[in-house]
Amino acid sequence: MATAMTVDEFRTFFIFRTAPEVSLTLESFGVRLRERDPEAFTRVWRSNLSGTDSLSFSFRHDDAHHDGLLGLDDSPTVGVEPLTAAEAAVFATWLRSAVLEPGAPVDFTVEQALETEMPRQPLPTTPGQIHDALTGFAKTVLEAGES
């Protein structure tokens, strides 16, 4: 019998969205990402569907490789994979502190939650609260998938 996956093992696509009025550009995100990881990869490309530019990126954290995408359609949205909740918390804390304006509203979800129409959750502001919120949400998603 297979053992159930724990929240510490669960890797998924985490999605963070902020408000349309937040001043975030593909270029400013790329600069901040390269400040974090000088070897980070970024590439701007135009979507054939929406006609808007997006930013694909890759970076390393704790010897792990992560890929992401930043889109600036209606609301700036950044998605990163494959992340555990703990890794996502580090990324989200960096996003809040180094990329977005202080107090910018941010919500989050994961790919599986979108598929089951679970509502997005507000992202807290402190590192400990961010970690707890992402871990709790990932645990809820895992439990929903087991039932």
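Reader: Which residues have the most contacts inside the largest nonpolar core?
Author: A caution before that: this is a predicted model. Inside the largest nonpolar core, the residues with the most contacts are F16, F29, F57, V78, F91, L95 and L134. The core has 40 residues.

Reader: Which elements supply at least two residues of this core?
Author: The strands are β1, β3, β5 and β6, and the helices are α1, α2 and α4.

Reader: Which one gives the largest share of this core?
Author: That is α2, with 8 residues.

Reader: Take V78 then. What is V78 in contact with, leaving aside its neighbours within four places in sequence?
Author: V78 is in contact with F14, I15 and F16, with F29 and F57, with L69 and L70, and with F91 and L95. F16, F29, F57, F91 and L95 are also listed among the residues with the most contacts inside the core.

Reader: Which residues line the largest cavity?
Author: The lining is made by F16, R17, T18, L24, L70, P76, T77, V78, L95, L100 and V106.

Reader: Now the largest pocket. What volume does the largest pocket have?
Author: About 260 Å³. The pocket is lined by 18 residues, and L69, L70, G71, D73 and T77 lie nearest its centre. The elements giving two or more residues to that lining are β1, β4 and β5.

Reader: How do the residues of that lining divide into nonpolar, polar and charged?
Author: There are 7 nonpolar, 8 polar and 3 charged residues in the lining of the largest pocket.

Reader: Single residues next. Is R96 buried or exposed?
Author: R96 is in helix α2. R96 counts as buried because its relative accessibility is 12%, and the cut-off for buried is under 20%.

Reader: What does the side chain of R96 reach?
Author: The backbone oxygen of L123, at 2.8 Å. Not counting residues up to four places away in sequence, R96 touches A104, V106, L123, P124, T125 and I130.

Reader: What about S58, buried or exposed?
Author: S58 sits in strand β3 and is buried, with a relative accessible area of 12%.

Reader: Which side chain does the side chain of S58 make a polar contact with?
Author: The side chain of D67, at 2.6 Å. Not counting residues up to four places away in sequence, S58 touches L33, A40, F41, H65, H66 and D67.

Reader: And T109, where is that?
Author: T109 is in strand β6. With a relative accessibility of 0%, T109 counts as buried. Beyond four places in sequence, T109 touches F13, F14, I15, L114, R120 and F137.

Reader: Now the backbone. Which residues does a cis peptide bond join?
Author: E81 and P82, with omega of about -20°. P82 is in strand β5.

Reader: What is phi of D63, which is not a glycine?
Author: Phi of D63 is positive, about 65°. D63 lies in the loop between β3 and β4.

Reader: Is D63 buried or exposed?
Author: D63 is exposed, because its relative accessible area is 73% and the cut-off for exposed is over 50%.

Reader: One last residue. Where does E117 lie?
Author: E117 is in the loop between α3 and β7. Phi of E117 is near 60°, a positive value in a residue other than glycine. E117 is exposed, with a relative accessible area of 72%.

Definitions and conventions. Residues numbered from 1 in each chain as written. Predicted model: local features only at pLDDT ≥ 70, side-chain atom pairs only at ≥ 80, totals over all residues. Heavy atoms only, no water. 1 Å grid on protein atoms, 1.4 Å probe; cavity = no way out; pocket = protein on both sides within 12 Å on 5 of 7 lines; lining within 4 Å. Points joined across faces, edges and corners; volume = space filled by probe spheres on them. Helix = DSSP H or I, 4+ residues; strand = E, 2+ residues; numbered from the N terminus. Nonpolar A, V, L, I, M, F, W, Y, C, P; charged D, E, K, R; others polar. Core = buried A, V, L, I, M, F, W, Y, C linked by side-chain atoms within 4.5 Å. Buried < 20%, exposed > 50% of the residue type's maximum accessible area, 1.4 Å probe, protein only. Contact = heavy atoms within 4.5 Å. Polar contact = N/O pair within 3.5 Å; in protein donor to acceptor, adjacent residues only side chain to side chain.
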